[in-house]
Amino acid sequence: QWYQRRVRGWLLENRRINHIPEKFIRCYNKDGREFVREFSDPIDYVLMNLPASATKFLDVFKGLHSGSESNSGRPVWVFCYHFAPVDSPEESTLSAVESVLGVRPCDASVHLVRKTAPKTWMTCAQFTVPESVLRGENPAKKTRTE
């Protein structure tokens with residue numbers, strides 16, 4: 001609990017130092033999956049900036065809009081960082097996204113951020129989560145051209 005209070009305190013202090021009004025930033029210190037599932041406001045953009053594990057957390061979007069009429073049809077943009085091999089960074093990144101979501105987003109693009117080792121790229125996949133994933137539908141029944 002001490003650590004959680006300190007993290008929240010520093011987040012708020014950084015907001016103050018950077019002159020950002022309170023209405024623009026709300027600070028939370030929760031498990032990422034728990035946060036996304038409990039967050040009551042519509043989610044528009046998600047930045048997942050831990051390349052070693054970010055794609056593993058994409059499953060949080062499965063069924064996110066199921067049973068919710070207020071969010072239905074509202075796109076969720078994701079920017080997901082990933083470590084990929086030098087020989088095929090774009091395909092490796094998209095395959096990692098697809099393996100978790102069960103479908104490859106049709107609007108996905110991959111940006112090469114930088115080489116982090118001689119045989120590794122840091123990449124960033126940008127895409128909207130397919131509506132079928134947000135509704136929790138079985139991706140095997142859907143095509144990639146959603």
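Predicted model: local features only at pLDDT ≥ 70, side-chain atom pairs only at ≥ 80, totals over all residues.
Start with the rings: the count comes to 2 aromatic pairs. One of them joins Phe 35 and Phe 39, whose ring centres sit 5.0 Å apart with the planes at 40°, so this pair goes down as tilted.

Tyr 45 belongs to strand 1 (residues 45-48) and Phe 79 to strand 2 (residues 77-85), so the contact ties together parts 34 residues apart in sequence. As for accessibility, Tyr 45 comes out exposed at 60%, while Phe 79 is partly exposed at 24%.

Strand 1 and strand 2 run parallel and are joined by 4 bridges, and Tyr 45 stands opposite Trp 77 of strand 2. In general, strands of a sheet pair through backbone hydrogen bonds, in either a parallel or an antiparallel way. The whole sheet is open, has 4 strands in the order 1-2-4-3, and shows mixed pairing. Its edges are strand 1 and strand 3 (109-117), each of which pairs on one side only. From one strand to the next, the twist averages 20°.

Helix 3 (residues 89-101) packs on this sheet, where it touches strand 2, strand 3 and strand 4 (120-128). The direction of helix 3 makes about 125° with that of strand 2.

How values were computed: Residues numbered from 1 in each chain as written. Heavy atoms only, no water. Phe/Tyr/Trp six-rings, centres within 6.5 Å; stacked < 30°, edge-to-face > 60°. Helix = DSSP H or I, 4+ residues; strand = E, 2+ residues; numbered from the N terminus. Buried < 20%, exposed > 50% of the residue type's maximum accessible area, 1.4 Å probe, protein only. Pairing = 2+ DSSP bridges. Axes fitted to C-alpha atoms, helices over the stretch in contact; angles between N-to-C directions. Contact = heavy atoms within 4.5 Å.
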